[in-house]
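Here is a short report on one protein chain. Start with the sequence and the structure, then read on.

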Amino acid sequence: MAFAYNAQAFPLLALLLSSMFAIGLANYDFNWGSRTWNRTNLPYTHPPNVTHTSNRFIVGGSENWHYGFNYMDWARNNTPFFVNDTLVFKYDPPNANGTVFPHSVYLFPNYWSFIKCDFKKAKRIADPSEGAGGGFEFVLKKMQTYYFACGEHKGIHCKTGNMKFAVMPLKHWRF
């Protein structure tokens with residue numbers, strides 16, 4: 001059934017919409033004497049001149065990237081992350097006598113792959129030798145959720161070693 005025109009409903013709807021519009025603009029930069037008021041009825045003060053430089057985070061802090069550390073807690077304790085921040089993955093490269101276990105860094109495409117530690121569609125972004133020295137750096141370029149994990153030993157580091165975490169960088173708003 002199509003909308004039927006009601007002569008009494010149209011003026012009422014017009015009155016309602018114009019009232020909502022007028023109330024919404026009621027306090028927009030209202031001047032009263034020497035005081036200026038903004039949209040929230042609080043004295044208007046200019047925000048500080050906010051500029052943001054990107055931060056560098058060493059994943060795991062002083063613990064670096066290794067088996068058995070809870071990286072989900074680390075990410076939660078180091079939030080917020082912002083677009084253009086850098087994550088640095090530091091880990092020892094494998095050695096010839098096998099005393100150092102290899103680590104890598106993978107980026108999962110979605111939440112379910114991350115939860116299940118399913119590396120079929122994951123992208124390897126750092127191999128076992130890239131974490132030495134200054135570490136492997138990954139820049140958070142977009143405002144999206146990034147899912148990271150270690151894919152060594154057929155995903156055991158991800159599944160039982162807590163070597164996975166997710167971050168969602170926020171965008172900086174310039175004032």
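## A buried tyrosine and its ring partners

Y71 is buried, because its relative accessible area is 0%. Buried means under 20% relative accessible area, exposed means over 50%, and partly exposed is in between, with a 1.4 Å probe and protein chains only. This is a predicted model, in which local features need pLDDT of at least 70, side-chain atom pairs count only at pLDDT 80 or more, and totals for chains, interfaces and linings use all residues. Residues are numbered from 1 along each chain as its sequence is written, and side-chain values use heavy atoms, with hydrogens and water left out.

Y71 pairs with F69. Their ring centres are 4.8 Å apart and their planes meet at 65°, so the pair is edge-to-face. The rule takes rings of Phe, Tyr and Trp (its six-membered ring) with centres within 6.5 Å; planes under 30 degrees apart are stacked, over 60 edge-to-face, and the rest tilted. The count comes to 21 aromatic pairs. One aromatic cluster is formed by F57, W65, F69, Y71, W74, F81, F89, F136, F138, Y146, F148 and F165.

Elsewhere, K164 lies over the face of F114, 5.0 Å from the ring centre. Such a charge has NZ of Lys or CZ of Arg within 6 Å of the ring centre and within 35 degrees of the ring normal.

## Overall layout

The protein chain has 4 helices and 9 strands. Both are DSSP runs numbered from the N terminus: helices are H or I with at least four residues, strands E with at least two. From the N terminus on, the order is α-β-β-β-α-β-β-α-β-β-β-α-β.

The protein chain has 175 residues, and 30% of them are buried. Its accessible surface is about 12100 Å², with 59% belonging to carbon and sulfur atoms. The areas come from the Shrake-Rupley method with a 1.4 Å probe; for residues, only the protein chains shown count as cover. Take the contacts with a separation of 6 or more: residues 24 or more positions apart account for 65% of them. Contact means heavy atoms within 4.5 Å.

## The nonpolar cores

In soluble globular proteins, nonpolar side chains tend to be buried together. The largest nonpolar core here has 23 residues. The term covers buried Ala, Val, Leu, Ile, Met, Phe, Trp, Tyr and Cys residues joined through side-chain atoms within 4.5 Å. W65, L87, F89, F138, F148, F165 and V167 have the most contacts inside this core. Two or more residues come from each of α2 (71-77), β4 (86-89), β5 (105-108), β6 (123-126), β7 (136-139), β8 (146-149) and β9 (164-167). Helix α2 gives the most, with 3 residues. A second, separate core has 9 residues, including Y106, C117, A122 and Y147.

Which residues does F89 contact, beyond its neighbours within four places in sequence? The list is V59, W65, V105, G131, G135, F136, F138, F148 and F165. T86 lies in strand β4. T86 counts as buried because its relative accessibility is 9%. With neighbours within four places again set aside, T86 touches N55, R56, F57, E137, F138 and V139.

## The disulfide and its surroundings

A search of the whole structure finds 1 disulfide. The term requires a pair of cysteine sulfur atoms within 2.5 Å. C117 and C158 form the link, with their sulfur atoms 2.0 Å apart. The link is left-handed, with -75° about the S-S bond. It ties distant parts of the chain, 41 residues apart: C117 is in the loop between α3 (111-116) and β6, and C158 is in helix α4 (residues 156-159). Both cysteines are buried.

C150 is in no disulfide; the nearest cysteine sulfur belongs to C158, 8.3 Å away. C150 counts as buried because its relative accessibility is 0%. G155 sits in the loop between β8 and α4. The C-alpha atoms of G155 and C117 are 6.5 Å apart, although 38 residues separate them along the chain.

## Backbone exceptions

Most residues other than glycine have a negative phi, and most peptide bonds are trans. C117 is not a glycine, yet has a positive phi of about 55°. N84 also is not a glycine and has a positive phi, of about 80°.

N84 lies in the loop between α2 and β4. N84 is partly exposed, because its relative accessible area is 43%. P80 is in the loop between α2 and β4. A cis peptide bond joins T79 and P80, with omega about 5°.
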